[in-house]
Amino acid sequence: MQANKRPFWKRDGFIGYLFILPSLIGASIFIIYPLIMTVFYSFTRWDGVNDPQWLGLGNYVRMFTVDPSFPKALQATFLYVLITVPLTMVFGLLLALLLNKALLGIKVFRTLFYLPVVLPSVAALVLWKFIYEPNYGLLNQALALLGMEGRAWLTDPSTAIGAVSAVSVWGVGSMMIIFLSGLQSIDAQLYEAADVDGANGITKFFKITLPMMSPVLFLQLITGLIKAFQAFNEVAILTQKPKANYSTYLLCYSIYDNAFNKLNGYGYAMAQVMILFVIIMIMTFFVFRFSNTYVYYENND
Amino acid sequence: MSTATVRPRSAKQKKLVWNILRFLLLLVIVVPMVFPLLWMITSALKSNSSVLAIPPEWIPREFHWENFSVGLSAIDFLPRFFNSLFITVMCIIGQVISCTLVGYGLARIRFPLRKFWFYFFVGGMMLPGMVGLIPVYRVWAGMGALNTYWPLIVPSFLGSPFYTFLIRQFFMGVPRSFDEAAKIDGAGHLRILFQVLVPVIKPAIVTIVIMQFQATWNEYLSPLLYLIDSDKWTLSLAVASYSSLYAVEWNKFMAADLIYMLPSLIIFFVCQKYFMQGLGSLTNTGIK
């Protein structure tokens, strides 16, 4: 009652909005406005200065029929996602399992596996560019010692996307650390009860560890997919001219390229953003559907 | 009785064998993971000719420390270092202030549609960052802010959805009795927030500082779009542009790259606790 007698600027109903004002402005500029603009401009040809020219579905037709680079961008992107996401998740889970229980030097191991994650991505990618260097890079030199023939990994169209994807394994520490904390929050009593029943390690893994970890795995799958679909630095730095044969022309590089390296390219780039957006939405939807069946939540018993 | 005395020993032996196997397996995996970094360090110390030597010199015969000074001046290190530092510090300040305010508002103040805005901001985390790229670029271009630091700094003052979510979850974990006492003493929201609650959620704020440091220090795409004059460049741009030159002197370049990595490495080793425990458990907070 007393609160109502206060002037409005002293009431919580108003003050609350003042507190969340930064995010309200942020959401309008970075979420609502771009979404509306992207949908609109994706139907136009626009140079950024003059009035956009209405094309209808022209940009979408162009990307699937006229422009040879777009199907290749899609192909490269899906390959990249299909290699990196499962690879880092499985390897990350394996490392987390190995590093879960007490062991000599376990802290050192954890630190060393996490170390590459803290490096600036540009610095790490530049290092990998040196490793893949055809003449005196580490990889070809090591292969030479084993008597094997090296190759120009990043420019050879048959190996380029694989080489770019392989670098993601170096960042496996970020998956590892999250899985590790997931493993450590599993109630030890579950394993003790299984021991009493005489369950072996494999049974315990499939009947206890995986179900208990499923919410964490599910979350990492979604964030991993969203991140992999938006990979840009990897190809912008590793493969200087992803365009040369389009084998590493990832969708986000294509968007950047069309918007900022070409005249009148904003509309076409935004149509590609729409495609990226729709792909990510569909992926997320299916992962959520899938999760209803396979993800176990403790409080849903 | 006899089986009872034998079984624990065999279980112990089994565990020992398993631990030795685990150790060896980890050793086999960790070597190739760390090797690139070690190779980078030795390369940075090699002479021009030995960096190209085949077979490679794993340990350089003589240490060429001058690679560091030559490499650093090749990427014009010092001014770019201060550019990166300035942008990074401003972004950290922005995130800490804005996310604490919004997080408090969402956790502690009752106002209409509070739940809706909370879910709206959380939903914003799902939006691919690429969607904002071009429209936001055009906004800054329209304001004549290209080639300035504004487009890189201002967004940090508008609260990242993830950090806001994090802070809000931390505030929700603090018992209401903390603020009740201050409220009875007549403290307003700002005083409750900064004198009572902020000290309690210090770990969350430190985490944000570390994560935002990494995010800004590492950022490549937005400086690439917004910074045109090379005297405004960040270190990430300088390093990337040097790597695309035709003839790269890798030993000097690796020396410079190593220095660019150094602040991140120092922060990692100083704040290891936050990385190894904090960041991992973050994603588990409030998701169950």
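Helices, here, are DSSP runs of H or I with at least four residues, and strands are runs of E with at least two, numbered from the N terminus.

Residues are numbered from 1 along each chain as its sequence is written, while chains are lettered from A and ligands numbered from 1 in the order in which they are written. This is a predicted model, in which local features need pLDDT of at least 70, side-chain atom pairs count only at pLDDT 80 or more, and totals for chains, interfaces and linings use all residues.

I return to F268(B). A residue is called buried if 20 or more other C-beta atoms lie within 10 Å of its own, exposed if 12 or fewer, and partly exposed in between, with C-beta atoms placed from the backbone. F268(B) counts as buried because it has 21 C-beta neighbours inside 10 Å. Two residues are in contact if their C-beta atoms, placed from the backbone, lie within 7 Å. Leaving aside residues up to four places away in sequence, F268(B) touches V118(A) and F275(B).

That brings me to the contact of the two chains. Chain B contributes 78 residues and chain A contributes 77 residues. On the side of chain B, the largest share, 11 residues, comes from helix α1 (residues 2–45). In the classes used here, Ala, Val, Leu, Ile, Met, Phe, Trp, Tyr, Cys and Pro are nonpolar, Asp, Glu, Lys and Arg are charged, and the others, Gly among them, are polar. By class, that side of chain B has 52 nonpolar, 20 polar and six charged residues.

Helix α6 (residues 130–142) of chain B is my next topic. Its buried residues are M130(B), V131(B), G132(B), L133(B), I134(B), P135(B), V136(B) and Y137(B). These residues pack against α3 (21–41), α14 (251–260) and α15 (266–294) of chain A, together with α12 (221–226) of chain B. Just after α6(B), G144(B) takes a positive phi of about 70 degrees.

Which residues other than glycine have a positive phi? L113(B) is one of them, at about 65 degrees, and N264(A) is another, at about 60 degrees. L113(B) lies in the loop between α4 and α5 (114–124) of chain B, and it counts as exposed because it has 12 C-beta neighbours inside 10 Å. N264(A) sits in the loop between α14 and α15 of chain A, and it is partly exposed, with 15 other C-beta atoms within 10 Å.

Within chain B, helix α4 (residues 77–108) meets helix α11 (residues 202–218). The α4(B) side includes S84(B), I87(B) and C99(B), and the α11(B) side includes I205(B), F213(B) and W217(B). The residues of this contact divide into 10 nonpolar, five polar and no charged.

Finally, I turn to confidence. The model scores ipTM 0.87 and pTM 0.89. For pLDDT, the predictor's confidence in each residue from 0 to 100, chain B averages 86, and 91% of the residues score at least 70. Over residues 1–6 of chain B, pLDDT stays under 50, and the model has zero contacts beyond four places in sequence for them.

Technical notes. Axes are lines fitted to C-alpha atoms, for helices over the stretch in contact, and angles run from 0 to 180 degrees between N-to-C directions.
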